Amino acid sequence: MTHETFETHTCLLNVVADGPSISPLKQGKTISTAAIGPWRLIAGKLIRQKVAMVAGVIILFLYLVGLFAEFLAPSLPATSKPQYTYAPPQGFSFFVEKPDGSSEFNFHVKGYKVEIDKVALRRTFVVDDAKVVPIGFFVKGPAYQLWGLIPMTTHFIGPINPNDPMYLLGADRLGRDVLTRLIYGTRISMSIGLVGVAMSLVLGVVLGSISGFYGGWVDTLIQRVIEVVSAMPTIPLWLGLAAAIPLTWSPVNVYFVITIIVSLLGWTSLAREVRGRFLALRSEDFVTAAKLDGSSEARLIFRHILPSLTSHILAVVTLAVPTMIVAETSLSFLGIGLKPPVVSWGVLLQDAQNIRTVATAPWLLIWPSLAVVIAVLSFNFFGDGLRDAADPYDN
């Protein structure tokens, strides 16, 4: 054995004895992200995005408000008191002044007194500091049925005396509580976005999967249908379809049809994106291995390829919900969508269609518009965060 060969064997023995030449993890370093599941990576990356998490909390809050609308609302949406027409919003107060000059805790709002505007020749409401309307939590009020099933009379907040006026966000032209109607409108406007997106999701995923997986004449046919639908002018088509709804239909039927209308044109972009992903993934090794293992075409689509797109689809769907909300609000505002007695944010905005009403009662425009803006921005911020987190291995 030569001297060089002896040194080579000695080095190999040292390597075997000392173990592989891998440097230990440095202080503060973690195991590679490849050892963690994709959903845990997505959740961890999403949690680190503070703006997206705040937006997610707001979205959850809005859906909880819609879910428990009857309990949270101080009154009923149809309850009107003409003597309080266009009553302005009342502010909270926590203390009342006693005759001896000391203060006493009393959660309340101030009452109203009526004054005559000699210039406009109309009555106006002015806050009367002498009138105190005590407010409580879990108070008795107008009877209702929670979710249409459970009869209840308890409201989360309201005046201790149900006959006292409490308009925290003001009143409309019929003396109805804007806060109550805004809470009930949250249920309709937020749910129509989810239902519409669910229908668009089914159409987009199914047609996009078929188009990208099979290709050929099937792909050509589906893409031509998508192009025709995408080329249609959105607003005129919505207006025409909504105007065709018979006036004799019940509010439930109108709600269902409006949901279909707003989802008809929302599936094309998702179908194109799913098709592109299928074209890129159908020749991957894991798909080929599944084919050789005897997997059916349906199993290849729904068990192997689609799960790898789940995070991306969730992000796209989250960004599509505000589009549905704005579409319903626009149709209802124009008077061809949902109509009273259904209460939605768009229906509430119908009361702010003329400058005189806005000048007299600006809260009729401010609060529903603010609700729409908050919901849309929250979905956009959360969708952006989810889209960024959907690529968990991107550093």
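Colleague: What is the mean pLDDT of the protein chain?

Modeller: This is a predicted model, where local features need pLDDT of at least 70, side-chain atom pairs count only at pLDDT 80 or more, and totals for chains, interfaces and linings use all residues. Residues are numbered from 1 along each chain as its sequence is written, and side-chain values use heavy atoms, leaving out hydrogens and water. pLDDT is the predictor's confidence in each residue, from 0 to 100. Here 87% of residues reach 70 or more, and the chain's mean is 79.

Colleague: Is Ser 93 buried or exposed?

Modeller: Ser 93 sits in strand E1, residues 92–97; strands (E, at least two residues) are DSSP runs, numbered from the N terminus. Leaving aside residues up to four places away in sequence, Ser 93 touches Asn 106, Phe 107, His 108 and Lys 110. Buried means under 20% relative accessible area, exposed over 50%, partly exposed in between (1.4 Å probe, protein chains only). At 19%, Ser 93 is therefore buried.

Colleague: Which residue in E4 is the bridge partner of Gln 145?

Modeller: Strands E3 (residues 122–146) and E4 (residues 150–159) run antiparallel, joined by 8 bridges; strands pair if DSSP finds at least two bridges between them. The two form a hairpin with 3 residues between them, and Trp 147 in the turn has a positive phi of about 60°. In E4, Gln 145 is partnered by Pro 151.

Conventions: Helix = DSSP H or I, 4+ residues; strand = E, 2+ residues; numbered from the N terminus. Contact = heavy atoms within 4.5 Å.
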